[in-house]
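Here are my notes on this model, written as numbered points to read alongside the coordinates.

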Amino acid sequence: MTVVRYERRGPVAVVTMNRPEYRNAQNSAMTYALDEAFYRAVADDDVKVIVLAGEGGHFSAGHDIGTPQRDAHLSFDRRASLWWDHVGKEGAESRFARESEVYLGMCRRWREIPKPMIAMVQGACIAGGLMLAWVCDLIVASEDAFFADPVVRMGIPGVEYFAHPWAMPPRIAKEFLFTGDRMPARRAYEVGMVNRVVPRDELEAQALALAERVAAMPRMGLALAKKAVNQAEDLQGMHAGMDAVFGLHHLAHAHNAETSADSLAGMDPKSMKAAADGS
């Protein structure tokens with residue numbers, strides 16, 4: 001079974017994460033398969049818009065920190081950052097190299113894809129799942145969707161692609177991080193993080209209808225409009241801000257590695273879920 005499916009629907013490419021048994025947790029194989037799918041969509045002149053989806057009940061539960069197919073120890077062909085392979089390195093050198101590539105580097109490059117991208121979100125969109133939704137230009141969420149970045153429980157100041165102060169107002173971003181609470185889709189819409197909230201059984205139809213409406217616009221106009229807004233965000237400090245927080249993120253990893261069981265402060269999917277549920 002492929003971890004990412006690719007399908008053309010007229011002028012729309014639908015890219016679907018396909019690890020539903022693990023709530024579409026992102027291992028490296030999935031991350032690089034997404035990269036291949038996005039390259040394919042950009043190269044196809046008949047594709048005007050890309051829709052990113054997750055198979056099953058959830059969009060994505062985030063980075064893979066505990067499934068049987070976790071593959072953080074493996075090498076892949078790097079093309080997101082000019083950095084050496086993390087495999088065979090130790091400590092911060094390994095973590096920084098890997099996360100520069102598969103987390104911050106990949107997401108930054110995907111944000112710059114010259115074709116509009118729409119995230120179609122249902123169920124959980126947690127931590128690394130946020131990063132995938134945030135690189136998209138538009139987000140359509142089902143009524144049962146929720147968003148969370150609970151990694152402060154690990155002593156880490158948010159996910160690697162730190163778009164929080166641009167995806168939502170700063171005080172909302174602080175509450176989002178300080179509590180680790182789940183933000184329902186309706187609240188995400190109210191703070192401007194989500195474009196539309198729709199019934200679960202209408203999610204696919206409405207997301208594709210929006211994609212087709214966008215696809216009716218000229219390709220070059222869409223690419224330039226996207227670039228214009230992205231440049232405005234960067235002038236507001238988004239790029240430099242992410243660099244600064246990425247350093248804090250790795251300071252947290254290093255602190256955890258020195259003072260606790262591992263770079264994640266001994267947390268795993270089970271303990272993270274228990275903390276979220278208050279049990």
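**Notes on the fold and its packing**

1. Among contacts in the protein between residues at least 6 apart in sequence, 71% join residues at least 24 apart; contact here means heavy atoms within 4.5 Å. Please keep in mind that this is a predicted model, in which local features need pLDDT of at least 70, side-chain atom pairs count only at pLDDT 80 or more, and totals for chains, interfaces and linings use all residues. Residues are numbered from 1 along each chain as its sequence is written, and side-chain values use heavy atoms, with hydrogens and water left out.

2. On the overall build: the protein has 10 helices and nine strands, where helices (H or I, at least four residues) and strands (E, at least two) are DSSP runs numbered from the N terminus. The radius of gyration is 18 Å, close to the 19 Å that the globule rule gives for 279 residues, so the protein is as compact as a globular protein of that length. That radius is taken over C-alpha atoms, and the rule is 2.2 Å times the number of residues to the power 0.38. Along the principal axes, the C-alpha atoms fill a box of roughly 55 × 40 × 40 Å.

3. Of the 279 residues, 51% count as buried. The classes are buried (under 20% relative accessible area), exposed (over 50%) and partly exposed in between, with a 1.4 Å probe and protein chains only. The largest nonpolar core has 66 residues, of which Leu34, Val121, Phe147 and Tyr161 touch the most other members. A second, separate core of 17 residues includes Val14, Val49, Val198 and Ala207. A nonpolar core is a set of buried Ala, Val, Leu, Ile, Met, Phe, Trp, Tyr and Cys residues joined through side-chain atoms within 4.5 Å.

4. Leu34 deserves a look in the viewer. Not counting residues up to four places away in sequence, Leu34 touches Val4, Val15, Met17, Leu52, Trp110 and Leu132.

5. Ala211, in helix H7 (residues 203–215), is buried at 0% relative accessibility. Leaving aside neighbours within four places in sequence, Ala211 is in contact with Val12, Val49, Val51 and Ile118. The C-alpha atoms of Ala211 and Ile118 are separated by 7.2 Å, although the two residues are 93 residues apart along the chain.

6. Helix H9 (residues 238–259) has 22 residues and reaches 31 Å from its first C-alpha to its last, close to the 32 Å expected at 1.5 Å a residue; the expected span is 1.5 Å times one less than the number of residues. Its buried residues include Met242, Val245, Phe246, His249 and His253. An α-helix has 3.6 residues a turn, so residues three or four places apart point the same way. What covers the buried residues of H9 includes helix H2 (91–111), helix H4 (164–167) and helix H8 (219–235).

7. Which residues does His249 touch, not counting those up to four places away in sequence? They are Glu99, Ile156, Pro157, Gly158, Val159 and Glu160. His249 lies in helix H9 and is buried, with a relative accessible area of 3%.

8. A search of the whole structure finds five aromatic pairs. One of them, Tyr32 with Phe76, is stacked, at 4.8 Å centre to centre and 5 degrees between the planes. This pair links distant parts of the chain, 44 residues apart: Tyr32 is in helix H1 (residues 28–43), and Phe76 is in the loop between strand E3 (49–54) and H2. Tyr32 is buried at 11% relative accessible area, whereas Phe76 is partly exposed at 24%. The rings of Phe96 and Phe246 have their centres 5.2 Å apart and their planes at 55 degrees, so that pair is tilted. It links helix H2 with helix H9, its two residues being 150 residues apart. Ring pairs link Trp83, Trp84, Phe96 and Phe246 into a cluster. For reference, rings of Phe, Tyr and Trp (its six-membered ring) pair if their centres lie within 6.5 Å; planes under 30 degrees apart count as stacked, over 60 as edge-to-face and the rest as tilted.

9. Lastly, a loop. Asp144 sits between strand E6 (138–142) and strand E7 (146–148) and is partly exposed at 39% relative accessibility. Its contacts, leaving aside neighbours within four places in sequence, are Gln122, Gly123 and Arg200.
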